[in-house]
Amino acid sequence: MSKKEELKNTSDAVLSLSKGKDLNGSPVFDLWIYRNGQITYNGIENVDKIGIHNTYIPLDIVKKITEYTSIISPKETGDNKGRDNSLNIVKYNNRMLVYQPSKAKGNLQELNTLLENIANSI
């Protein structure tokens, strides 16, 4: 990776995650996942790596992510109340889900855990 990574065309992403700010100083970042396994991470605040970083994940993980996106229900977002917890925004297949990670249920909770593990591994 070069010292200054470039942000590629994010509209080509299979899925994106934006982790928002909260009152507790949680990590703030954006993550884009592409069909070929490439991921682009933009660390914004309260993270180890600030700025844009590109790497790859195995294609079986990409497949697992697309499987989750085909079965997630908006009802799995839970009750989004209060400013103490951050809001996550996941975009995929021309859909968008806004949720608090601590309130996510079922497949959305599983997907969120997988995405946060990917972000933490960068």
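Me: Between which two strands is the loop that holds Asn 94?

Reply: The model is predicted, and local features need pLDDT of at least 70, side-chain atom pairs count only at pLDDT 80 or more, and totals for chains, interfaces and linings use all residues. Residues are numbered from 1 along each chain as its sequence is written, and side-chain values use heavy atoms, with hydrogens and water left out. Strands (E, at least two residues) and helices (H or I, at least four) are DSSP runs numbered from the N terminus. With that numbering, the loop holding Asn 94 lies between E5 and E6.

Me: What is the phi of Asn 94, and is Asn 94 buried or exposed?

Reply: Most residues other than glycine have a negative phi. Asn 94 is not a glycine, yet its phi is positive, at about 60°. Buried means under 20% relative accessible area, exposed over 50%, and partly exposed in between, with a 1.4 Å probe and protein chains only. Asn 94 has 86% relative accessibility, and therefore counts as exposed.

Me: How many residues of strand E3 (residues 38-45) are buried?

Reply: E3 pairs in the antiparallel sense with strand E2 (residues 28-33) over 6 bridges, where pairing requires that DSSP finds at least two bridges between the strands. E3 also pairs in the antiparallel sense with strand E4 (residues 51-56), again over 6 bridges. E3 is largely enclosed by the rest of the structure, because the buried residues number 6 of the 8.

Me: Which residue in the turn between E3 and E4 has a positive phi?

Reply: In this pairing, the bridge partner of Asn 42 in E4 is Ile 52. The two strands form a hairpin with 5 residues between them, and the turn residue with a positive phi, of about 60°, is Asn 46.

Me: What is the radius of gyration of the protein chain?

Reply: The protein chain has 2 helices and 6 strands, in the order β-β-β-β-α-β-β-α. The globule rule, 2.2 Å times the number of residues to the power 0.38, is compared with a radius taken over C-alpha atoms. For 122 residues the rule gives 14 Å, and the chain is close to that, so it is as compact as a globular protein of that length, with a radius of gyration of 14 Å.
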